[in-house]
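This briefing concerns the packing of nonpolar side chains and the pairing of charged ones. Please keep the sequence and the structure at hand while reading.

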Amino acid sequence: MASAQVALPLPLLPDGWSGEKDFKAIGSLSSATQRNIEPVGPHFLAHARRKRHHRTFSEDDRIQAQENVKKVEDEDAGEISEPEDPLMLQRDAKDWKGQDHYAVLGLSKYRYRATEDQIKRAHRKKVLRHHPDKKAAAGSTEDDSFFKCIQKATEILLDPVKRRQFDSVDENADVEPPSKKDTKKGNFYKLWDPVFVAESRFSKVQPVPRLGNDKSTKEDVEKFYNFWYNFDSWRTFEYQDEDVPDDNENRDQKRHIERKNTNARKKKKTEDTSRLRKLVDDALALDERIKKFRTEERAHKDKRRLDKEAETKRLAEEASKAKEEQARLNAEKEVAEKAEKAEGKKAKEAAKNAAKKNKRVLKSSVKDVNYFEEGGNASAGQVDAVLNDVDLLIAKIDNEDLAALAGKLGGKEDAKGVKEIYAEEVKRLVGAGTLKEGEAKTLAA
């Protein structure tokens, strides 16, 4: 808060006032007494320390600050301490997207598992070591670029959204899957379990099933691989987006970069899904438990097959005589059926031939009477009309009626007699509803 100074002048002395004649003492000061004042508590310890080491106040404060820093570093040495890479200390703070935020704070071994408290303590430790004021006091000429890297790393890792985006692309937290050769030489479960544990950090569904061991049940193994083949990942790639300009002057450029970032994320998501699918395929192909389960299942199927074959053979032997007898009866029956079928075929063929003959009789009857044309040759239209009506009549009657009609027409050579027979048949069919009134007009009376 700002302070203000106000000048207040003393009141003026009365006119004619004089200190020599007008001053009157109203009291007196006691004589001076000499006393020894000694510091106590922490102030005594500071006083003793300064006397012992012959330090000034400023020198003692500076040395104490350095010792406090060392004390803080020693307290966190076992948990959040790791050697600092000289190249990392020379990083450009502007390239903050390319830096490993966990490594900057000394949390490489924890990464996505680091707690908020660990991040804050790591930040405090790094600040005490790399603060520009401290380096300046120590006579260092280094710039504050790495200190800015520390601040940026802390900002991102303490923000849940930004940290999740960084963890999404943190390849240093991945565990490289072992090769087929290494897997065969080593322990499959010890080599592959860390790989799936690292990948499980991206799962929306928690907890994630573990790989297990050679004693895992078939249900547990199937559950594990089904989970990973249907893996639901929250992984995104916004952290690797190209920076979108904040100015509003070029909106088209801004929209272009946003679309470009969206497409890049989709492509990376697809590639990551394919990568994970191949990883699961490789693990499945090398998992000895799958081979064991398949061998057991094959043996179980073979046993069921053999049991079934034995049962089938037994039933076949028991039914052998019955089948032979049935075969004999079937053979006799087949011979009888063939003979009966041959007789029926002959009768059917005879009926068919008789029907053809009777149809020829009907068509010949109208031809012999010149298609009912009395003078000269019948015209083509007359011939077609009469034959069509004859065909219609044949289609409307069965073989018995056809034979009866052919019998009536047999030997008839006069047009009148033939016409009367046809007219009578047409009348009968109209009465029975087989023909409609007006059909077969050339044959009606």
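**Buried charges and a nonpolar core**

D167 and R163 are both buried, where buried means under 20% relative accessible area, exposed over 50% and partly exposed in between, with a 1.4 Å probe and protein chains only. The model is a predicted one, in which local features need pLDDT of at least 70 and side-chain atom pairs count only at pLDDT 80 or more, while totals for chains, interfaces and linings use all residues. Residues are numbered from 1 along each chain as its sequence is written, and side-chain values use heavy atoms, with hydrogens and water left out.

**Salt bridges**

- Side chains of opposite charge can pair when their charged atoms come close.
- The count of salt bridges comes to 38, a salt bridge being a side-chain nitrogen of Lys or Arg within 4 Å of a carboxyl oxygen of Asp or Glu.

- D170 forms a salt bridge with R111, and their closest N and O atoms are 2.9 Å apart.
- This pair joins distant parts of the chain, 59 residues apart: D170 is in the loop between α9 (160-168) and α10 (180-185), and R111 is in the loop between α5 (101-104) and α6 (116-130).
- D170 counts as buried because its relative accessibility is 3%, and R111 is likewise buried at 6% relative accessible area.
- D272 and R235 meet through their side chains in a salt bridge of 2.7 Å, N to O.
- Here too distant parts of the chain are linked, with D272 in helix α13 (residues 251-286) and R235 in the loop between α12 (218-229) and α13, 37 residues apart.
- D272 is buried at 10% relative accessibility, and R235 is buried with a relative accessible area of 7%.
- A network of salt bridges links E199, R235, D272 and R275.

**The largest nonpolar core**

- The largest nonpolar core has 25 residues, of which L362, F372, V390, L393, L405, Y422 and L443 touch the most other members.
- At least two residues of this core come from each of α15 (320-368), α16 (380-396), α17 (399-409) and α18 (415-432).
- A nonpolar core is a set of buried Ala, Val, Leu, Ile, Met, Phe, Trp, Tyr and Cys residues joined through side-chain atoms within 4.5 Å.
- Apart from its neighbours within four places in sequence, Y422 is in contact with L362, S365, V366, F372, V390, L393, L405, L409 and L443, contact meaning heavy atoms within 4.5 Å.

Technical notes: Helix = DSSP H or I, 4+ residues; strand = E, 2+ residues; numbered from the N terminus.
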